[in-house]
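Please keep the sequence and the model in view while working through the numbered points.

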Amino acid sequence: FSKSHWIIGSSGGLYCTSNSGASWSNRNTSAGTVRLAFYDDILGYAVDAQGTFRTLDSGNTWLRTQFNVNEEMHNIVICQDDPNVYWASGGDAGTPGYLLKGIG
């Protein structure tokens, strides 16, 4: 978001810093690797092995919007025409995979 405000997704959750990485705050706990996509400086989505999260305040708080995906998610993208619509791809190795459409 700026030189000092960053959001990252890791295997343990979503983390935020407002001081260029000198300290980090855990914003939620997640299952598996987290993938992030932001529409702008305020609205963003994250996806993990159990579903999706949404933030409306630059990543300071995250609410789960979809549950029980139960598979590794590989990517998430936001519709450029409607920031309330997103797609996430997932699936296990050796399977056809799937595309999840979500409404935030």
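1. **Confidence.** The protein chain has an average pLDDT of 82, and 91% of the residues score at least 70; pLDDT is the predictor's confidence in each residue, from 0 to 100. Within the protein chain, strand 4 (residues 35-38) has the highest confidence, at 89, whereas strand 10 (residues 98-103) has the lowest, at a mean of 75.

2. **Basis of the note.** This is a predicted model, in which local features need pLDDT of at least 70 and side-chain atom pairs count only at pLDDT 80 or more, while totals for chains, interfaces and linings use all residues. Residues are numbered from 1 along each chain as its sequence is written, and side-chain values use heavy atoms, with hydrogens and water left out.

3. **Overall fold.** The secondary structure of the protein chain consists of 0 helices and 10 strands. Here helices (H or I, at least four residues) and strands (E, at least two) are DSSP runs, numbered from the N terminus. Along the sequence the pattern reads β-β-β-β-β-β-β-β-β-β. The radius of gyration of the protein chain is 13 Å, close to the 13 Å that the globule rule gives for 104 residues, so the chain is as compact as a globular protein of that length. The radius of gyration is taken over C-alpha atoms, and the globule rule is 2.2 Å times the number of residues to the power 0.38. The C-alpha trace of the protein chain spans about 40 × 30 × 20 Å along its principal axes.

4. **Burial.** Of the 104 residues in the protein chain, 36% are buried. Buried means under 20% relative accessible area, exposed means over 50%, and partly exposed lies in between (1.4 Å probe, protein chains only).

5. **The salt bridge.** Which two side chains meet in a salt bridge? The structure holds 1 salt bridge, and the side chains of D48 and R64 form it (3.1 Å, N to O). The pair links distant parts of the chain, since D48 lies in strand 5 and R64 in strand 7, 16 residues apart. A salt bridge is a side-chain nitrogen of Lys or Arg within 4 Å of a carboxyl oxygen of Asp or Glu. Strand 5, which holds D48, covers residues 44-48. D48 counts as buried because its relative accessibility is 0%.

6. **Two serines with positive phi.** Most residues other than glycine have a negative phi. S20, although not a glycine, has a positive phi of about 60°. S20 belongs to the loop between strand 2 (13-17) and strand 3 (25-29). Phi of S58 is likewise positive, near 60°, in a residue other than glycine. S58 sits in the loop between strand 6 (51-55) and strand 7 (63-66). Are these serines buried or partly exposed? S20 counts as partly exposed because its relative accessibility is 39%, whereas S58, at 17%, counts as buried.

7. **A nonpolar surface patch.** W6, I8 and W24 form a nonpolar patch on the surface, with about 270 Å² of accessible area together. Patches are made of residues with over 30% relative accessible area and no salt bridge; like charges are joined within 9 Å, and nonpolar side chains (Val, Leu, Ile, Met, Phe, Trp, Tyr) within 5 Å. Accessible areas come from the Shrake-Rupley method with a 1.4 Å probe; for residues, only the protein chains shown count as cover. W6 counts as partly exposed because its relative accessibility is 34%.

8. I76 lies in strand 8 (residues 73-78) and is buried, with a relative accessible area of 3%. I76 and W87 are 11 residues apart along the chain, and their C-alpha atoms are separated by 5.6 Å. G32 is placed in the loop between strand 3 and strand 4 and counts as partly exposed at 31% relative accessibility. From G32 to Q66 there are 34 residues in sequence and 15 Å in space, C-alpha to C-alpha. Y39 is in the loop between strand 4 and strand 5 and also counts as partly exposed, at 31% relative accessibility. The C-alpha atoms of Y39 and S2 are separated by 15 Å, and the two residues are 37 residues apart along the chain.
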